[in-house]
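Colleague: Hi! I've just opened this one and could use a guided tour. Can you put it up for us both?

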Amino acid sequence: MQVRVFESPDMASGLKLVRKELGPDALILSTRTVRNGKLGLLGKPTIEITAAIDTNWPREENTTIQEPAAAGRPTSPSRIFGRTGSKKKRINTTVGGDDIQLDYSGNETSDDLNSKEARQLLTMSPTPKRSSQSTADTALRNEVDELKGLVQQLAAQLADKPAYNEGEEQGQDTFNSALRDRLSQMKPVRDPVSELLHRHGIEGEPARTIAAVAAEQLTQDDLKDKGKIRRFALRAIESLVEVRPPAFQKTKAQSRIALIGPTGVGKTTTLAKLAAHYLGNHSNSVAMITIDTYRIAAVEQLKVYGEIMHLPVDVVISPDQLEEAITRHSDKSLILIDTAGRSPRDTLCIEELTSFLRPHLEIEKHLVLSAATRENELLDTIHHFEKVGIDKTIFTKVDECMRTGVILNVQLQHQAPLSYITNGQRVPEDLLQITKRSVAELIMSHHEGIAHD
């Protein structure tokens, strides 16, 4: 068996080199990646392939098949090589490409050495009855032949494969490097209007639309004037945003408002702000109802607000009880309904909330959203709460945002107008009475938190 080691830059060329040097019957014993630089880290990797060539099992040209021994005359080693105790002689021969030596007993001049039976045993010809060593050699040859076939099959598959793991890794490294270099050279190029809108959180289609209109209406000199650009952006936002606060003073009919939304957006605090605002600007004809029996201390929190403002607070746990409470407070001008925070993805809770706010009760549903939430999550929340019905939106926690352009982005993708914006925890001071102009100025202002005196 001849063993050689080959080196090549990749597996494909390495296999071709092995086939060229050793032929198609070569066996691949092992492969490994070698780096030849300092400490094996900086050099270019190469493939090291260890291969071997094995010749076919040798056979004597004049090999004859031993005929069965005659009855009563079994063939034995003593008959072939001579009697036990005779002088030993060593003969060299080859089995499977390996040199071996056979010892046998007999005289050097014995004619038995030239007998047909001796030649058959030395050339390991098949006989009806084999020794244990011959059986082991045959099993070994079969296993080696089988292994050889498997390795050759694997080598053929590797040769046909268009890409190899090492090549894929090198190709991926090259791709990643090129991509990083390309990205490092790229810088976002925006016109002055788009840059201003981006700084205030206005992205996507709203920003592109405003920038396109600005390019048509502003001159090149105007686009160099930051003051003119800002005034144009304010006018554009003011024309796009839709604001519609509840018209308490314009109607004598009872107003019913329910605040709905996900958990943690400040629905209960906002409800207290609305009650205090109505109490201070209109009348004390207000009743508060809560169906939030899930959150710990939610009922107690609303009752505390009710005691401070001397307003009634009812707790209901079923849709029928809600109708009864509304009927009981039919003499009130305003009924405010607090609901439990619901996960937008909790379908059962959304359906339960829908069962409370039945259409015939004519309850105006305000979806409360946190301005500190990411835009895609806000849109997902709106999508799920549309099953309940959304009449208007309220944005809270504006004081926690650095950029409030998300208000415009979401409002343009959802037709429900804005009713209120809150910017703090104080009741009722931090409830903003908004107009289109005030919303535009809020979006275009720099937010660094709200400083209270």
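Colleague: How do strand 12 and strand 13 run, parallel or antiparallel?

Modeller: Strand 12 and strand 13 run antiparallel, and two bridges join them. Keep in mind as we go that this is a predicted model.

Colleague: Which residue stands opposite Ile421 there?

Modeller: Ile421 faces Leu432, which is in strand 13.

Colleague: And where does Thr422 lie?

Modeller: Thr422 is in strand 12, which covers residues 418-422. Thr422 is buried, since its relative accessible area is 2% and the cut-off for buried is under 20%.

Colleague: What is Thr422 in contact with, leaving aside its neighbours within four places in sequence?

Modeller: With those neighbours set aside, the contacts of Thr422 include Thr270, Lys273, Phe395, Val398 and Leu431.

Colleague: Let's zoom out. What is the order of the strands in the open sheet?

Modeller: The order is 8-7-9-6-10-11-12-13, so eight strands in an open sheet, and the pairing is mixed. At the edges are strand 8 (313-315) and strand 13 (431-432), each of which pairs on one side only.

Colleague: What holds strands of a sheet together, in general?

Modeller: Strands of a sheet pair through backbone hydrogen bonds, in either a parallel or an antiparallel way.

Colleague: Okay, strand 10 next. How many of its residues are buried?

Modeller: Six of the seven residues in strand 10 (residues 364-370) are buried, so this strand is largely enclosed by the rest of the structure.

Colleague: How many bridges join strand 6 to strand 10?

Modeller: Strand 6 (residues 255-260) is joined to strand 10 by four bridges, and the two run parallel. Ile257 stands opposite Glu364 of strand 10.

Colleague: And how many bridges are there between strand 10 and strand 11?

Modeller: Five bridges, again in the parallel sense, pair strand 10 with strand 11 (residues 392-396). In that pairing Val368 is opposite Ile394 of strand 11.

Colleague: What do strand 10, helix 13 and strand 11 make?

Modeller: Strand 10, helix 13 (residues 375-385) and strand 11 form a β-α-β unit, and the unit is right-handed.

Colleague: Now for Ala287. Is that residue buried or exposed?

Modeller: Ala287 is buried, with a relative accessible area of 0%. This residue lies in strand 7 (residues 286-290).

Colleague: How far is the C-alpha atom of Ala287 from that of Leu336?

Modeller: The two C-alpha atoms are separated by 6.4 Å, although Ala287 and Leu336 are 49 residues apart along the chain. Beyond its neighbours within four places in sequence, Ala287 has contacts that include Pro312, His329 and Leu336.

Colleague: Switching to helices: which residues of helix 8 are buried?

Modeller: The buried residues in helix 8 are Ile229, Phe232, Ala233, Leu234, Ala236 and Ile237. They pack against helix 6 (192-199), helix 7 (204-217), helix 14 (406-413) and helix 15 (436-443).

Colleague: What should the 15 residues of helix 8 span?

Modeller: At 1.5 Å a residue, helix 8 (residues 226-240) should span 21 Å, and its end C-alpha atoms are 21 Å apart, which agrees.

Colleague: Which residue caps the N-terminal end of helix 8?

Modeller: Asp225 does: one of its side-chain oxygens is 2.9 Å from the backbone nitrogen of Gly227.

Colleague: Last one: how many helices and strands does the chain have?

Modeller: The chain has 15 helices and 13 strands. Of its 453 residues, 40% are buried.

Methods:
Residues numbered from 1 in each chain as written. Predicted model: local features only at pLDDT ≥ 70, side-chain atom pairs only at ≥ 80, totals over all residues. Heavy atoms only, no water. Expected span 1.5 Å × (residues − 1). Buried < 20%, exposed > 50% of the residue type's maximum accessible area, 1.4 Å probe, protein only. Contact = heavy atoms within 4.5 Å. Polar contact = N/O pair within 3.5 Å; in protein donor to acceptor, adjacent residues only side chain to side chain. Right-handed = clockwise from strand over helix to strand, strands pointing away.
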